Amino acid sequence: MILMKDVYKTYSNGVTALSGINVDIKQGEFVYIVGPSGAGKSTFIKLMYREEKPSSGTILINDMNLAELKNRQIPLLRRKIGVVFQDFKLLPKLTIYENIAYALEVIEEPQANIRKRVMDVLEEVGLKNKARSIPSELSGGEQQRVSIARAIVNRPQIVIADEPTGNLDPDTSWEIMKTFEDINSNGTTIIMATHSKEIVNTMKKRVIAIESSMIVRDQDQGEYGYEI
Ligand SMILES: Nc1ncnc2c1ncn2[C@@H]1O[C@H](COP(=O)(O)OP(=O)(O)OP(=O)(O)O)[C@@H](O)[C@H]1O
């Protein structure tokens, strides 16, 4: 379902962020990406949703080869993948409803379906009563739940998250992790970069560790493995 074969990524400034990456992630897996700052985790994630292109190698997402993907095909990929960021990336002037509806409008979902789909997903994350609020009226944890709702409103097969609890306190982080577990229990693949030792060690999922641009560990029911 997600396959990387001999993937390299060197940025235009000459920094090699990934070298010789080989990985195979099956539908329904929950995978943590761990490793020191600057190791290449965000780059690994950006390659999967085609924010960045590999310098060489093959990346297959459901048989779609991202290295060969044309720009006009990117919306097709984004229907399969939802993305959640540390800083939420909500549009500050739009309501919660509009923020989520926007994700459906850009993929040209028929208007008639949008209202029901947005309200359904807001119910799933427990924020139906916040539909008319704007992001600054919500707590950090609520804003992150909105961004998760936006990521899953297309019912993607894969959700990728780059340090989604990085700006949240421990209790709120656990609520967010519960939401990700619920999404995963419906068969959605989750790939999450994190610096949270406590979360990784408690959840006992597959752990891929990246150090200095290479995968140095790939364990089922793995541990965080670093002191901080
Ligand atoms: N757009 C870019 N242009 C040039 N170099 C970059 C770019 N993005 C990242 N890098 C470099 O690539 C390397 C890997 O960065 P990356 O952001 O993937 O690391 P990371 O493991 O996600 O780090 P962190 O845990 O701090 O978020 C770093 O040396 C970084 O400076």
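Modeller: Helix α1 (41-48) gives the most to the shell around the ligand, with three residues; helices are DSSP runs of H or I with at least four residues, strands are runs of E with at least two, and both are numbered from the N terminus. This is a predicted model, in which local features need pLDDT of at least 70 and side-chain atom pairs count only at pLDDT 80 or more, while totals for chains, interfaces and linings use all residues. Residues are numbered from 1 along each chain as its sequence is written.

The residues around the ligand are Y11, N13, V15, A17, G35, S37, G38, A39, G40, K41, S42 and T43, where being near a molecule or strand asks for a C-beta atom, placed from the backbone, within 6 Å of it. By kind, the shell divides into four nonpolar, seven polar and one charged residue; Ala, Val, Leu, Ile, Met, Phe, Trp, Tyr, Cys and Pro count as nonpolar, Asp, Glu, Lys and Arg as charged, and the others, including Gly, as polar.

One of these residues, G40, sits in the loop between β3 and α1. G40 counts as buried because it has 25 C-beta neighbours inside 10 Å (20 or more other C-beta atoms within 10 Å make a residue buried, 12 or fewer make it exposed, and anything in between is partly exposed, with C-beta atoms placed from the backbone). Leaving out residues up to four places away in sequence, G40 touches A17, L18, I210 and S213, contact being a distance within 7 Å between C-beta atoms placed from the backbone. A17 also belongs to the shell around the ligand, and although A17 and G40 are 23 residues apart along the chain, their C-alpha atoms are separated by 5.0 Å.

α1 lies across β3, β6, β7, β8 (189-193) and β9, running at about 150° to β8; axes are lines fitted to C-alpha atoms, for helices over the stretch in contact, and angles run from 0 to 180 degrees between N-to-C directions. The sheet itself is open and has six strands in the order β6-β7-β8-β3-β9-β10, with mixed pairing, and two strands pair if DSSP finds at least two bridges between them. Because β6 (81-85) and β10 each have a single partner strand, they stand at the edges, and one side of each is left without a neighbour in the sheet. From one strand to the next, the twist averages 15°.

Most residues other than glycine have a negative phi.

Definitions and conventions
Contact = placed C-beta atoms within 7 Å.
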